[in-house]
Structures are given as C-alpha cells and as structure tokens.
Amino acid sequence: MLVQDRAVPKSSKPPQIRTLPTLQPNRFPDSNGLDFSTWLSENLYRIIAIIVLLSTVAAVFFLYTSTDTASFICLQSQTQRAMDSISLPQINWNSVKPIADKTSPYANFRSEQWIVVSVSSYPSDTLQKMVKIKGWQVLAIGNSRTPGDWSLKGAIFLSLDMQASLGFRVVDHLPYDSYVRKSVGYLFAIQHGAKKIFDADDRGEVIDNDLGKHFDIELVGEGARQEAVLQYSHDNPNRIIVNPYIHFGQRSVWPRGLPLENVSEIGHEEFYTEVFGGKQFIQQGISNGLPDVDSVFYFTRKSGLEAFDIRFDEHAPKVALPQGMMVPLNSFNTIFHSSAFWALMLPVSVSTMASDVLRGYWGQRLLWEIGGYVAVYPPTVHRYDRTEAYPFSDEKDLHLNVGRLIKFLVSWRSNKHRLFEKILELSYAMAEEGFWTEQDLKFTAAWLQDLLAVGYQQPRLMTLELDRPRATIGHGDRKEFIPQRLPSVHLAVEETGTVSSEIGNLIRWRKNFGNVVLIMFCNGPVERTALEWRLLYGRIFKTVVILSAKKNSDLAVEEGQLDHLYKQLPKIFERFSSADGFLFVEDDTVLNYWNLLQADKAKLWITDKVSMSWSKATAKENSDWYSKQADMVNKVVSTMPAHLQVNYKEVVKNEQSLIICSSEIFYVPRHFVGDFVDLVNLVGHLDIHQKVAVPMFFLSMDSPRNFDSVLSTMVYKQDLPSTNSSSTHYSAQAAAVHPWKVSSEEEFIKLIRIMAEGDPLLMELV
C-alpha cells in the first residue's frame with residue numbers, strides 16, 4: 001500500500017426494515033338509523049378508494065397476462081425503486097446527550113494541538129520523531145492488524161477495545177482493519193480540547209520537526225501571520241479543479257484524486273489574485289520524496305524497486321483556492337482548524353484509497369458555506385517510498401466518479417439554515433447520486449451527533465460567494481508568480497527544460513483534439529487495460545468512452561456488441577452534443593494521434609484506401625451470409641432520402657455488390673451526425689453487421705472523393721505478428737497500426753515505450 005497500509009473496508013449495507021401500517025378497527029361507522037343518501041355522502045371517499053384499488057388490481061392483472069410484459073416490468077421496477085429509496089435521517093439536534101470520557105486513562109487530559117495517525121505495525125522511526133514535536137500530542141489509532149502490545153512513549157494509543165468503550169456512535173459503522181478508524185481519534189481529540197488537528201501518516205517525517213515552518217498554526221491573535229494569501233484566479237468560471245503540484249515546480253506529477261482527464265493540463269497560471277488570510281481552515285501540505293500520487297502515476301512512472309524521491313519548491317508561496325475551484329486533499333499531511341473539524345469524517349462505503357479524497361471534495365464544498373477556504377503549502381513532510389504497490393482496483397471509486405463528483409458539488413445548493421443540516425443534506429444527495437452508499441449517510445448522521453456530544457459547536461453560515469456576481473479582476477489585482485521547473489527523475493531519465501518543445505506538441509495536440517470524443521471498443525480484458533487507455537488517450541481527446549462485450553460499472557465501461565455497435569453511437573453522440581466530432585477505434589488498433597493533425601475534422605475519415613480493410617464483394621459469388629446482408633442493405637437504400645441514396649448509388653451501382661470494411665477506425669464530424677443517426681434509424685431492427693453498415697453509412701453521407709485520406713497511411717495486416725516488434729510492424733509515421741495486442745499492464749507499458757518514438761513525452765509514463 002502507498003497510503004497508510006490501507007485495506008478495503010469490509011462493510012455491508014444493513015437491511016432496511018419496513019413496517020406495515022397498523023390496521024384500524026371499526027373504520028366504517030354504524031349505519032343504523034341513517035338513510036341511504038346520508039350514508040353515501042359520509043362514505044363516498046371510501047367507495048372511490050375501493051374502486052381505484054379494484055381498478056389498479058385489474059390493470060396489474062391485465063399487464064401481467066398480456067403479451068407485452070414490458071409495461072408490467074417497468075411498473076415492477078418503479079415499485080422496487082420506491083421501496084429501495086434512500087431516506088434522510090431525522091435528527092433532533094437539541095436532544096443529543098453529551099458523551100464524556102469515563103473509561104480511558106486520559107479522561108482529564110487536555111491539549112489544543114493533536115497529531116492523529118493510524119498504526120498497523122510497531123512504531124516507525126518517523127513516528128518516534130513525531131512524538132518529539134513540541135506542543136503537539138500524538139494520538140495513534142489501532143485496528144485489527146495492530147500488534148496487541150503496541151506502545152510508544154509520548155503517544156496516546158487507542159486499541160480496538162478502548163475505541164469501543166468510548167461510547168461514540170461512529171464505532172458501529174467502522175471496518176476493523178482500516179485507517180478510516182481515525183474518525184474515532186478525531187472525536188477523542190475534540191473531546192479532549194483540540195483546536196487544531198494534524199491528519200498524519202506514520203511514515204511522513206515532518207521537515208525540521210516543525211509544523212509551523214510553513215503551515216499557519218495560528219489564524220488569529222499575536223501568533224498569526226498577518227498577510228494576504230496568493231489565490232488561484234476565478235477568471236475562468238468553468239475551471240473547477242487544479243493540479244497544485246505545478247505551482248510547486250512539478251508540472252509532470254499529479255496528485256491522487258485529480259481526474260485523469262485533467263492530467264494533461266500542465267501550464268502554469270497566467271496570473272493569481274489575493275485573499276485575506278485567516279480563514280484557511282483546511283491546509284494541505286505537499287510531500288517530498290513520495291508525494292501523494294495515484295496508482296496510474298506510480299505504475300507508469302516507475303519500474304522495479306527504484307524508490308521515488310521527488311522534490312518540490314520549498315520557497316514557492318502557499319496558494320489558496322477560491323469558491324468554485326477545488327484541489328485533491330489527503331489524510332496524511334493536512335491540518336484542520338476547529339472551524340473545519342466536521343470535515344474530518346472519513347467515508348466508509350468507498351474504497352480506502354478513495355475515502356480521504358472524497359472527504360476532501362465533500363468538505364471543500366461545505367467549507368464555502370462558512371466562508372472558509374483551502375490553502376496548499378510548500379513541502380511540510382518527507383514521505384519515504386517503501387516501493388510497495390497496490391492494485392488499480394483500490395482506486396476504482398476515484399477514477400470512475402471523481403470528475404462527475406466535482407461538477408456535482410460545484411453546482412449543489414442547499415436552503416438549510418444550519419451547517420449540520422446542510423452537511424446531512426449533501427451526504428444524502430451524494431448517496432442518491434451513487435458517489436457513496438446509504439451506509440455513509442447513516443455514518444454522517446452518527447458523526448454529526450457525536451460531534452455535538454463531545455461539545456463541538458457548529459460554525460455559523462455565511463453567504464455563498466458563488467451565487468454573487470464575480471468581481472472583475474483589474475490589472476492591479478493580478479499577482480504574478482512563475483513556478484520553477486524542477487527536475488523529475490523517472491527511470492534514470494532526468495526531465496529538464498529541454499522537454500518544452502515536447503510539451504508544446506502535447507498542448508498543440510490537445511488543442512486540436514480537445515473537443516473530439518474518442519469511442520473505444522475493448523476486445524481484451526477491460527479490468528487490466530481500461531484505465532491505461534484512458535490515461536494514454538485522455539491526454540489528447542475530450543473524453544474516452546469505453547465499451548466492451550461485458551459491462552463493468554466499476555471501470556465505467558459500457559456494454560456493447562461489436563457486430564452492431566453502430567446502433568449505440570447515436571446515444572453517445574447525444575450525450576456529447578457540443579463535441580466537434582467522434583473518433584471510433586478498437587483496442588487492437590494503435591492510434592498515432594500526432595499524425596492526425598493535418599486531417600480535416602470537418603470531413604469523414606475511414607479506411608477506404610486501405611485495401612486489406614476495405615473491399616467489395618458480390619453476393620452471388622459468396623456465402624448465404626453475403627446474400628442476406630446485401631438484401632438488407634438494398635432494403636435500407638430503398639428507403640433513404642434522396643441525398644443519401646444518390647450518394648450511395650453513385651458508388652455502388654450493382655445491387656448484388658456489397659462493400660465490406662473492417663471498421664476498426666473511423667471518424668464522424670459533428671455536421672454528419674444527423675445523417676448517421678437517420679441511417680441508424682432506417683436500419684432499425686435489421687441484422688446488418690457493423691462491417692457492412694459502417695461503409696454503407698459513409699458512402700451515403702458523402703462521396704469517397706471528399707473523405708479525408710489521413711488513414712491511407714495506416715499499417716494494416718490481417719494477422720498479428722508473432723511478436724509486437726517495432727522494427728517489423730509498428731511505424732510512428734503511420735496514422736494508425738493494426739493489429740496490436742494489449743491485454744495486460746505489461747503489454748500496455750511496452751506499447752507506450754514504442755509509441756514514444758512519435759510522442760517522446762510518453763517516456764514519462766513508463
């Protein structure tokens with residue numbers, strides 16, 4: 001594990017217990033002595049209710065017995081969804097009883113400054129140094145893997161038994177073998193007088209053993225730094241996430257929790273603004289050595305047992321985030337001031353490598369409600385790389401949902417009048433949206449009640465600046481800071497300023513294809529390659545939509561059948577209605593995007609000039625399959641509008657002729673999307689194969705002489721060579737190469753190495 005030896009929490013969703021309504025006896029009054037009209041007027045609503053009930057039963061019976069069962073299935077699914085709906089916990093905030101420490105040996109101990117760390121093994125050298133930091137109390141939180149005789153002079157240790165005896169509600173929701181049990185430690189620290197909490201890792205060595213060297217330990221009073229804080233500009237309202245590592249000199253490194261589609265944004269700030277200090281209630285430190293990076297970076301930047309030792313600019317100024325802009329936060333180098341203690345809650349229903357990141361985004365959004373902000377600081381700790389990896393699956397909740405989560409949080413609004421009510425409402429909304437489960441909604445309710453029980457006072461709300469008109473940034477308000485470009489050593493290849501031209505190429509490619517959607521069909525195992533494909537092509541294209549024969553919700557892989565995949569494309573076209581175009585490629589075809597710059601994005605691209613990919617067949621001279629396909633094509637052609645039919649018949653003059661295209665790669669620009677969708681609708685339920693439908697569509701939409709010829713340089717072979725050899729098969733001068741097999745992380749790395757001939761910057765990924 002890279003972060004605090006994290007293990008996947010073992011939690012299960014508790015069953016929802018539903019009670020039936022209590023039957024009330026004698027619901028109908030005694031009708032003796034009443035005439036019929038009186039009885040009818042008194043019982044009319046009951047009669048109507050019975051009629052409606054009988055009608056409903058009859059309708060359900062009809063739906064069930066009819067040949068069209070789709071309506072009944074829909075009714076069943078709607079009923080099931082209603083039964084499974086998530087309910088918002090109801091809490092009487094004024095009736096929460098205090099919880100006092102009556103069981104631990106530290107009942108009377110008080111300290112304002114705490115370091116909370118999770119421990120799974122005996123005290124590390126780093127932790128032994130940490131207990132010597134002046135003015136800070138170390139609190140070690142055990143789990144099921146912690147040695148029973150764990151002890152460290154100067155530290156308070158809470159074993160599982162001690163945690164259970166404290167009486168906190170959150171204990172019932174926590175997994176036994178996870179670092180998220182730190183939530184108990186946060187409550188214990190608050191209960192014992194905490195005003196600041198340093199969320200730490202037992203292998204993060206505090207630089208110079210002084211947390212105050214860079215962090216703002218005091219925000220008010222004599223010890224506070226009375227200075228303005230540099231702040232990212234809010235000039236672009238659509239920019240909602242930043243990579244802070246660029247500001248501190250490492251433009252090619254990205255933090256865990258940054259959406260992969262933002263990895264390629266490596267330019268420094270044109271200008272900054274400033275904000276008054278004093279409300280940076282959450283302070284994120286940078287880590288030298290092994291910074292907080294995700295498994296995609298860790299796997300693709302490193303080989304063998306070489307340990308990372310990445311350094312950041314310790315002289316760069318701290319930088320704040322304005323409302324509407326977020327940054328990834330972690331749980332091993334972050335200071336929380338008391339106004340943000342509520343934001344310490346670590347979710348329990350997501351993977352452990354995602355828990356603190358989701359907490360960070362959730363907390364940042366709520367921080368805006370009290371006028372607070374996040375600030376990122378120069379290196380405050382040095383973390384040593386133990387050269388221990390973890391699988392991509394540990395981060396599945398990150399790469400799948402984090403981009404969507406950030407957009408959701410920035411747009412979220414609440415009309416509640418107290419902070420805790422807003423916190424609960426947001427947790428409820430996130431459960432409904434699937435960012436976490438109902439388990440975390442219940443955990444939030446327990447957490448908030450425990451906070452009140454240990455004496456925490458919730459901060460007052462402030463007016464949300466996001467809903468105010470943004471002030472114009474004048475020339476005098478602009479502050480300049482040019483980040484350093486520090487060397488990054490990966491696989492003994494040192495990155496220096498000489499790569500500026502290569503970065504320029506990347507920016508040019510991104511500018512050219514940044515609004516083109518790449519649609520990829522994976523024939524290979526997506527659990528081993530989906531994230532890698534997104535990393536490779538996500539640097540260049542607007543987004544990467546991945547389909548496969550089998551759906552994988554964890555990896556955001558959609559289900560599709562390659563033989564008829566063209567029928568799914570209209571839905572993708574609709575989803576990205578503002579895209580310039582759509583490029584389709586199969587995973588057995590390598591896309592050399594650097595050779596596509598000269599292509600006309602307003603024209604159709606297809607392999608009509610690649611003889612082994614595009615061919616003409618005669619139905620009579622081939623199998624029965626060809627004959628059936630030709631008949632269906634002719635049926636569709638006969639129903640085409642004039643402009644489409646004329647185009648097609650200009651090329652295919654014989655009804656017995658059939659154009660076949662392997663269709664591993666093709667491009668549809670925006671202004672042809674309407675024709676493509678119309679043609680899909682004309683095909684309807686006909687069983688026309690993808691290799692027949694796609695060339696038919698292209699020949700109908702435009703004349704081949706108008707197709708862009710960019711794919712004519714494609715290297716195309718029928719069979720995969722015995723080895724993926726660059727000398728015999730791959731060519732960096734071709735627009736694409738087919739076939740190429742990628743079915744594992746190792747094969748992906750081999751591909752990256754060979755593609756670096758055309759994009760040298762790719763060497764930073766391996």
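At what angle do helix α15 and helix α16 pack, and how far apart are their axes? The angle is about 140 degrees and the axes sit 9 Å apart. Keep in mind that this is a predicted model. The chain has 766 residues, 56% of them buried, and its secondary structure runs to 19 helices and 23 strands. If you take the contacts with a separation of 6 or more, 79% of them link residues 24 or more positions apart.

**Helix pair α15 and α16**

- α15 covers residues 624-638 and α16 covers residues 642-651.
- With an angle of about 140 degrees between them, α15 comes out as oblique to α16, because oblique takes in what lies between 115 and 145 degrees.
- On the α15 side, the residues that meet α16 are Val633, Val637 and Ser638; their counterparts in α16 are Gln645, Tyr648 and Lys649.
- Sorted by class, that contact holds 3 nonpolar, 2 polar and 1 charged residues.

**Helix pair α8 and α10**

- Here α8 (residues 352-367) packs on α10 (residues 419-433) with an angle of about 140 degrees and axes 11 Å apart.
- α8 and α10 are therefore oblique to each other, and the crossing of α8 past α10 is right-handed.
- α8 brings Trp362, Arg365 and Leu366 to the contact, while α10 supplies Leu419, Lys422, Ile423, Leu426, Ser427 and Met430.

**Helix pair α5 and α11**

- The axes of α5 (residues 182-191) and α11 (residues 438-453) come within 10 Å and cross at roughly 15 degrees.
- An angle under 35 degrees counts as roughly parallel, so that is the label for α5 and α11.
- α5 goes past α11 in a right-handed crossing.
- Ser183, Tyr186, Leu187 and Ile190 make the contact from α5, and Phe443, Trp447, Asp450 and Leu451 make it from α11.
- By class, the residues of the α5 and α11 contact come to 6 nonpolar, 1 polar and 1 charged.

- How many of the 5 residues of β4 are buried? The count is 5 of the 5, so β4 (residues 196-200) is largely enclosed by the rest of the structure.
- Lys196, Phe198 and Ala200 point one way from the strand, Ile197 and Asp199 point the other way, and all are buried.
- β1 (residues 113-118) runs parallel to β4, joined by 4 bridges; among the paired residues, Val116 has Asp199 of β4 as its bridge partner.
- β10 (residues 333-337) runs antiparallel to β4, with 5 bridges between them; for Ala200, the bridge partner in β10 is Asn333.

**The three-stranded open sheet**

- This open sheet has 3 strands in the order β18-β23-β22, and its pairing is mixed.
- β18 (590-591) and β22 (715-716) are the edge strands, each pairing on one side only.
- β22 and β23 (residues 736-738) run parallel and are joined by 2 bridges.
- Within that pairing, Tyr716 has His738 of β23 as its bridge partner.

**Backbone spots worth a look**

- Most residues other than glycine have a negative phi, and most peptide bonds are trans.
- The peptide bond from His738 to Pro739 is cis, with omega near -5 degrees. Pro739 belongs to the loop between β23 and α19 (745-755).
- Asn209 has a positive phi, near 50 degrees, and sits in the loop between β5 (204-206) and β6 (228-232). With a relative accessible area of 31%, Asn209 is partly exposed.
- Ala556 also has a positive phi, near 55 degrees, and is part of the loop between β15 (543-548) and β16 (558-559). Its relative accessibility is 32%, so Ala556 counts as partly exposed.

Technical notes
Residues numbered from 1 in each chain as written. Predicted model: local features only at pLDDT ≥ 70, side-chain atom pairs only at ≥ 80, totals over all residues. Heavy atoms only, no water. Pairing = 2+ DSSP bridges. Axes fitted to C-alpha atoms, helices over the stretch in contact; angles between N-to-C directions. Parallel < 35°, antiparallel > 145°, perpendicular 65-115°, else oblique. Left-handed = near helix turned anticlockwise from the far one by under 90°. Contact = heavy atoms within 4.5 Å. Nonpolar A, V, L, I, M, F, W, Y, C, P; charged D, E, K, R; others polar. Buried < 20%, exposed > 50% of the residue type's maximum accessible area, 1.4 Å probe, protein only.
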